[in-house]
Amino acid sequence: MKTKRRDWYMDWCLKGWRLAIAVTVAVALLSSAPAQAATFTQSGGTQVVDSLVLGTGSGDYDTYDLSGTGSLSAGHEFIGYAGTGVFTQTGGTNTVTGNFYVGTLIGSSGTYNLSSGSLSGTYEHIGHGGTGVFNQTGGTHTVTNGFSLGSGGGSGTYNLSGGSLSVRTVERFGSAGTAVFNQTGGTHTIVSNDLILGDQRGGSGTYHLSGTGSLEVGRNEY
């Protein structure tokens with residue numbers, strides 16, 4: 001039987017995308033049946049996309065590497081939707097104007113590694129149904145609205161050792177899920193709202209603060 005290779009547009013769900021390509025942008029896509037694997041490497045240029053989805057189907061393993069002067073702007077990002085997704089940012093800018101998920105559905109796995117550059121999101125969910133891990137060793141991470149770690153039966157872990165995390169509204173850890181925040185360095189600021197650990201029945205929220213880490217909560221912590 002002839003095996004049909006999926007179109008890479010489907011692999012990435014890059015609907016209505018516009019990409020200004022610079023010579024420093026390279027694209028390498030790998031496919032295998034039945035699981036699919038794709039890699040997108042951006043070290044320059046500008047990409048604007050409605051939705052970026054890594055790990056679309058169960059068994060898929062997709063990666064995105066952002067570095068240099070690369071600029072990515074997305075309406076929504078799903079790092080690990082039903083499969084596995086890994087986003088590594090060592091430079092550049094990543095702007096998400098809508099929802100940002102790492103580990104979206106049950107059985108999914110998502111990892112975001114930030115060591116340099118800037119990430120800005122509106123509504124962020126780390127471990128929403130699936131398993132989500134955010135590793136920050138540097139760079140700037142800004143959230144303008146809600147931030148949730150471990151929700152909907154999922155498991156979320158945030159490891160902060162360098163750089164800055166700034167959230168302008170409430171942070172909820174363990175909303176009917178499991179959340180662990182490990183801070184050994186860097187700065188974590190909740191500008192004008194609360195930090196809630198173990199938000200809903202069945203939820204578990206844990207915060208470990210050590211080393212040179214700095215935590216500032218604008219209102220209440222409970």
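This is a predicted model: local features need pLDDT of at least 70, side-chain atom pairs count only at pLDDT 80 or more; totals for chains, interfaces and linings use all residues.

Q: How many helices and strands does the chain have?
A: The chain has one helix and 23 strands, and buried residues make up 44% of its 222 residues.

Q: Where is the place of Ser 151, and is Ser 151 buried or exposed?
A: A residue counts as buried when its relative accessible area is under 20%. Ser 151 belongs to strand β15, which covers residues 147-151, and because its relative accessible area is 6%, Ser 151 is buried.

Q: Which residues does Ser 151 touch, if those up to four places away in sequence are not counted?
A: Ser 151 touches Gly 127, His 128 and Gly 129, and also Ser 175, Ala 176 and Gly 177. With one of these residues, His 128, there is also a polar contact of 2.8 Å that joins the two side chains. Distance in sequence and distance in space can be read side by side for another pair: Ser 151 and Gly 198 are 47 residues apart in sequence, and 9.9 Å apart in space from C-alpha to C-alpha.

Q: Where is the place of Ala 176, and what is its phi?
A: Ala 176 sits in the loop between β18 (171-175) and β19 (178-183), and its phi is near 60°, which is a positive value in a residue other than glycine. Its relative accessible area of 28% falls between the limits of 20% and 50%, so Ala 176 is partly exposed.

Q: Which loop holds Thr 122, and does Thr 122 count as buried or exposed?
A: Thr 122 lies in the loop between β11 (118-121) and β12 (123-128), and at 13% relative accessibility Thr 122 counts as buried.

Q: What does the side chain of Thr 122 reach, and with which residues is Thr 122 in contact?
A: The side chain of Thr 122 reaches the backbone oxygen of Thr 97 at 3.0 Å. Leaving aside neighbours within four places in sequence, Thr 122 is in contact with Val 96, Thr 97 and Gly 98, as well as with Val 143, Thr 144, Asn 145 and Gly 146.

Terms used. Residues are numbered from 1 along each chain as its sequence is written. Side-chain values use heavy atoms; hydrogens and water are left out. Helices (H or I, at least four residues) and strands (E, at least two) are DSSP runs, numbered from the N terminus. Buried means under 20% relative accessible area, exposed over 50%, partly exposed in between (1.4 Å probe, protein chains only). Contact means heavy atoms within 4.5 Å. A polar contact is a pair of N or O atoms within 3.5 Å; within protein, one must be able to donate a hydrogen and the other to accept it, and residues adjacent in sequence count only if both atoms are side-chain atoms.
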